[in-house]
Amino acid sequence: MPLLSVRNLSHTYSNGYKALHNISFDVEAGEFLVIIGLSGSGKSTLLRCLNRLIEPTEGQIILNGTDVTHISDASLRRHRASIGMIFQHFNLIPRHTVLSNVLYGTLGVTPTAGSIVGKFTQEQRARAMSALEVVGIPDKAQNRADALSGGQQQRVAIARALMQQPDLLLADEPVASLDPATSHSVMSYLEKINKDMGTTVICNLHFLSLVRQYASRVIALKGGHLVFNGQPHDITDEWFTTIYGEDAVEVEIR
Ligand SMILES: Nc1ncnc2c1ncn2[C@@H]1O[C@H](COP(=O)(O)OP(=O)(O)OP(=O)(O)O)[C@@H](O)[C@H]1O
Ligand SMILES: [Mg+2]
């Protein structure tokens, strides 16, 4: 049984624009799946359907054998809790400490004003510190989040997601705001979590060189249709043209 099964998924926005057309694919536990496609092809819409931040218009999303397409309330909260999410712009609370931001990943906690670190148990704080160790910045625990570099902030966001002990980690262009070297650093932490902790990762990426280095499998969207599902090394020049268009030229990030 796959960890995730997406069946004939479509999404039409309220203005009538159909952003996803009949998408089907499976994800096995332990995969590092990368979604590629031009800007506007539907990558973010697809990721957001998976944790039901966007409601699918048609089709099914099955996680761990459970159809989660129409669940609500407590079941939906449990579903969301089992999925970590990382964003391009990190989404940290800038004036709060790194440790607080990581602790906000603890299930069922909504951030409040001021320091709330004291409200967490010793065990929760210890887990937050281990999450910061996983991403290599335990020494930054007491710094304000906005005093960190972009790459470090993304590592805090990864540590926050780890607090959920997610079955699935979704990352929407996690390195799009970072320079090439920092991009590799952040991707290598995602890779480490995928390999060492066995967490399944689904990640949207723009640079094919990153895709080739980190993905165990790739799907490509074009105009909301799934046009490719295969191994990174199967993306030939012809596939590249199909996915990105005649005029596209590959830009490498090294
Ligand atoms: N709230 C919305 N209402 C209507 N259309 C939308 C809405 N959000 C996105 N779209 C449209 O849906 C399509 C897919 O958008 P989406 O953000 O999923 O693309 P993407 O592949 O993530 O692009 P990018 O690489 O730029 O992030 C686009 O044509 C976009 O304009
Ligand atoms: Mg997007």
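User: Two strands pair if DSSP finds at least two bridges between them. Helices (H or I, at least four residues) and strands (E, at least two) are DSSP runs, numbered from the N terminus. Which residue in S10 is the bridge partner of Leu221?

Analyst: This is a predicted model: local features need pLDDT of at least 70, side-chain atom pairs count only at pLDDT 80 or more, and totals for chains, interfaces and linings use all residues. Residues are numbered from 1 along each chain as its sequence is written, chains are lettered from A and ligands numbered from 1 in the order in which they are written. Strand S9 (residues 217-222) pairs with S10 in the antiparallel sense, over 5 bridges. In S10, the bridge partner of Leu221 is Leu226.

User: In what order do the strands of the 6-strand sheet run?

Analyst: The sheet is open, and its pairing is mixed. Strand S6 (83-87) and strand S10 (225-230) stand at the edges with a single partner strand each, so one side of each lacks a neighbour in the sheet. Neighbouring strands are turned by 15 degrees against each other on average, direction ignored. The order is S6-S7-S8-S3-S9-S10.

User: What angle does H6 make with S8?

Analyst: Axes are lines fitted to C-alpha atoms, for helices over the stretch in contact, and angles run from 0 to 180 degrees between N-to-C directions. Contact means C-beta atoms, placed from the backbone, within 7 Å. H6 packs on the sheet and touches strand S3 (32-36), S7 and strand S8 (200-204). Its direction against that of S8 makes about 155 degrees.

User: Which helix lies across S6 and S7?

Analyst: The strand S7 spans 168-172. The helix runs at about 170 degrees to S6. It covers residues 150-162 and is H5.

User: Which helix gives the most to the side of domain 1 that touches domain 2?

Analyst: An automatic or database assignment sets the bounds: domain 1 is 1-82 + 166-254, domain 2 is 94-165. Their centres, taken over C-alpha atoms, are 25 Å apart, and 12 residues of domain 1 are in contact with 12 of domain 2. With 6 residues, the top contributor on the domain 1 side is the helix at residues 180-197, H6.

User: How many residues of the shell around ligand 1 are charged?

Analyst: A residue is near the ligand if its C-beta atom, placed from the backbone, lies within 6 Å of it; those around ligand 1 include Tyr13, Asn15, Gly40 and Lys43. Helix H1 (residues 43-50) gives the most, 3 residues. Ala, Val, Leu, Ile, Met, Phe, Trp, Tyr, Cys and Pro count as nonpolar, Asp, Glu, Lys and Arg as charged, the others, Gly among them, as polar. The shell has 3 nonpolar, 8 polar and, as charged, 1.

User: Which residue in S5 stands opposite Leu63?

Analyst: The 4-strand sheet is open and antiparallel, in the order S2-S1-S4-S5. Strand S2 (18-27) and strand S5 (66-67) are its edges; each has a single partner strand, so one side of each has no neighbour in the sheet. Strand S4 (residues 58-63) pairs with S5 over 2 bridges. Opposite Leu63 stands Thr66.

User: Is Gln124 buried, partly exposed or exposed?

Analyst: Gln124 lies in helix H4 (residues 122-134) and touches Leu103 and Thr106, not counting residues up to four places away in sequence. Buried needs 20 or more other C-beta atoms within 10 Å of the residue's own, exposed 12 or fewer, partly exposed in between, with C-beta atoms placed from the backbone. Gln124 has 18 such neighbours, so it counts as partly exposed.

Definitions and conventions:
Two residues are in contact if their C-beta atoms, placed from the backbone, lie within 7 Å.
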